[in-house]
Amino acid sequence: MGTATVERVRQQCVLEGIEATVERKFQENRKPRALDGESEAKLVMLACSKPPEGHAQWRLKRLSDQLVELEIVDTISTETVRRALKKLLKAVA
């Protein structure tokens, strides 16, 4: 921890009190998650299903396009799909 952090915490403690200093703050500017638990489950079902006709396997782009087409999400990037699948695979292993 740097000295600037210590000084900032000390000043906040003096101005707002110990309770306000140690209380966890809600992050208002935080972006909502693109995939919640239900949409992640639908992504897994889709990824485990047979790929579209004419394709040997699912690709991230096809999965993201299909999620939008099925109106599971409004928009989603292939990177978000990749991270979600990686997280789920890690949980299974």
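N29 counts as exposed because its relative accessibility is 73%, where exposed means over 50% relative accessible area, buried under 20% and partly exposed in between (1.4 Å probe, protein chains only). The model is predicted, with local features requiring pLDDT of at least 70 and side-chain atom pairs counted only at pLDDT 80 or more, while totals for chains, interfaces and linings use all residues. Residues are numbered from 1 along each chain as its sequence is written, and side-chain values use heavy atoms, with hydrogens and water left out.

N29 is located in the loop between α2 (18-22) and α3; helices here are DSSP runs (H or I, at least four residues), numbered from the N terminus. Between the C-alpha atoms of N29 and M1, which are 28 residues apart along the chain, the separation is 24 Å.

Helix α1 comprises 14 residues (residues 3-16) and reaches 20 Å from its first C-alpha to its last, close to the 20 Å expected at 1.5 Å a residue. The expected span is 1.5 Å times one less than the number of residues in the helix.

For the 12 residues of α3 (residues 37-48), the end C-alpha atoms are 17 Å apart, which agrees with the 16 Å that the helix should span at 1.5 Å a residue. S39, E40, L43 and L46 are the buried residues of α3. Viewed down the axis of α3, these buried residues fall within an arc of 120 degrees and so line one face of the helix, the arc being that of the directions from the helix axis to the C-beta atoms. The face of α3 turned away from the buried side carries exposed residues, namely G37, E38, M45 and C48. The cover over the buried residues of α3 includes α4 (60-69) and α5 (78-92).

Two packed helices are described by the angle between their axes and the distance between the axes. The axes of α3 and α4 come within 11 Å and cross at roughly 125 degrees; axes are lines fitted to C-alpha atoms, for helices over the stretch in contact, and angles run from 0 to 180 degrees between N-to-C directions. α3 and α4 are therefore oblique to each other, given that angles under 35 degrees count as roughly parallel, over 145 as roughly antiparallel, 65 to 115 as roughly perpendicular and the rest as oblique. L43, L46 and A47 of α3 make the contact with L63, Q66 and L67 of α4, contact meaning heavy atoms within 4.5 Å.

α4 and α5 pack with their axes 9 Å apart and at an angle of about 100 degrees. This makes α4 roughly perpendicular to α5. On the α4 side the contact is made by L60, K61, L63, S64 and L67, and on the α5 side by T78, V81, R82 and L85. S64, which lies in helix α4, counts as buried at 2% relative accessibility. Neighbours within four places in sequence aside, S64 is in contact with I76, S77, T78 and V81.

Two further loop residues were examined. E71, in the loop between α4 and α5, has a positive phi of about 60 degrees although it is not a glycine, and is exposed with a relative accessible area of 71%. E53, in the loop between α3 and α4, is exposed with a relative accessible area of 82%. The C-alpha atoms of E53 and L15 are separated by 65 Å, the two residues being 38 apart along the chain.

Terms used:
Helix = DSSP H or I, 4+ residues; strand = E, 2+ residues; numbered from the N terminus.
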